[in-house]
Amino acid sequence: MRSYVKSTALALILLWLTLSAGCASNAPQTRSFQSMDTVMQLTVYGDESTTAAIEERITELDKKLSSTNVNSEIYRLNRDGSATLDELTADALEQSLSCCEASKGALDITVYPVVCEWGFISGDHHIPSQSTLNRLLKSVDYRRVKLRENTAELPKGTQIDLGATAKGFAADEARKLLLRDGCESAVLNLGGTVLAHGKKPDGSEWRIGIADPGNSADYMGTVSCADKITATSGSYERYFTGSDGKRYCHIIDPKSGMPADNGVESVTVISDSGVKSDSLSTALFVMGLDKATDYRRQRRDFELVILTSDKKALITPALAQSFQLKNEQYSKEVIRDW
Ligand code: AMP
Ligand code: MG
């Protein structure tokens with residue numbers, strides 16, 4: 001079985017350098033470090049101490065929220081079935097559970113044992129038997145996670161993973177530090193979840209690249225934004241090719257236990273909240289085009305770019321001007337009733 005995990009982090013570095021070239025009117029503080037299983041790149045027009053504080057906060061969050069670090073609070077909760085969490089972890093868990101509810105279970109943080117079974121955590125990829133999936137799916141249900149004050153409890157067999165929301169939570173935390181320090185201009189690329197804080201020092205908006213699913217070292221288009229958080233979930237980010245020749249991606253439909261496979265290559269969500277963008281990009285990817293479209297009609301507090309395998313770039317009307325196509329294999333379609 002051939003397996004492949006894309007070098008997302010490197011791709012994003014290249015992408016980011018391309019897009020940020022020439023936009024600085026004064027030298028920013030820059031920093032790059034590994035955290036949350038990816039590369040974080042900070043560009044802050046402000047004090048070195050702010051950049052340092054952001055790195056420290058993200059590193060702290062990674063230590064608390066990781067499902068694989070044996071010293072983390074989430075690892076402890078998964079191992080023991082109950083745990084008293086500190087404020088930050090409890091907040092991240094509470095927000096993640098609300099997102100599961102808002103997505104009607106398309107996002108489900110208890111899908112973790114299924115993600116593990118497919119080998120997306122260990123790297124030992126394989127296609128699970130239907131009976132194994134059926135057994136594991138019995139423990140998948142975010143509604144059975146109890147959080148009272150800071151004490152969390154899981155039913156036997158249930159384990160959680162905040163991988164679909166943690167980078168968004170980190171972006172929201174980082175923004176608090178930028179505001180605390182009076183920094184008006186920064187762009188933080190947290191492994192593909194991008195906080196565009198304020199505007200560029202020259203007063204123009206940030207241009208954020210959307211990775212090209214066919215060549216994720218490149219971007220297929222850009223959106224301009226200010227004071228927004230952009231998150232993308234894509235089938236190209238982490239996948240393997242099974243012995244049956246099919247490609248299986250790391251985003252799992254919690255109803256079936258199968259990797260989402262619905263003609264959507266990536267979903268990019270742009271909103272005012274990191275947790276919202278990060279959770280919705282994953283959830284809408286699971287839902288597929290029709291359900292994602294319906295969802296957007298009901299809830300209009302975010303903008304959307306959906307790339308489909310038949311090379312359509314479907315965008316919400318507010319992005320009509322700001323979304324610029326680079327890869328001309330794609331056709332841009334503004335969905336008017338979104
Ligand atoms: P993202 O890259 O934000 O779309 O998050 C994907 C990661 O979240 C995967 O690598 C899994 O660890 C986990 N995951 C996969 N499917 C789901 C799901 N339906 N709900 C919650 N987390 C998921
Ligand atoms: Mg996500």
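How exposed is Ala164? I looked this up at the outset and found Ala164 partly exposed, with a relative accessible area of 23%; buried means under 20%, exposed over 50% and partly exposed in between, with a 1.4 Å probe and protein chains only.

**Basis.** I note that this is a predicted model, in which local features need pLDDT of at least 70, side-chain atom pairs count only at pLDDT 80 or more, and totals for chains, interfaces and linings use all residues. Residues are numbered from 1 along each chain as its sequence is written, chains are lettered from A and ligands numbered from 1 in the order in which they are written, and side-chain values use heavy atoms, without hydrogens and water.

For ligand 2, I listed the protein donors (N, O and S atoms within 2.8 Å of the metal, or 3.2 Å for Na, K and Ca). They are Ala164 (O), Asp278 (O), Asp278 (OD) and Thr282 (OG1), at 2.2 to 2.5 Å from the ion. Ala164 sits in the loop between strand 6 (151–153) and helix 7 (166–180) and Thr282 in helix 8 (residues 274–298), so the pair ties together parts 118 residues apart in sequence. Helices (H or I, at least four residues) and strands (E, at least two) are DSSP runs, numbered from the N terminus. Thr282 is buried, at 12% relative accessibility.

**Ligand 1.** I then examined the shell of 17 residues, whose closest members are Asp161, Ser233, His250, Ile252 and Thr282; a shell residue has a heavy atom within 4 Å of the molecule. Helix 8 gives the largest share, 3 residues. An oxygen atom of ligand 1 lies 2.6 Å from a side-chain N or O atom of Ser233, and one lies 2.9 Å from such an atom of Asp161.

Key
Polar contact = N/O pair within 3.5 Å; in protein donor to acceptor, adjacent residues only side chain to side chain.
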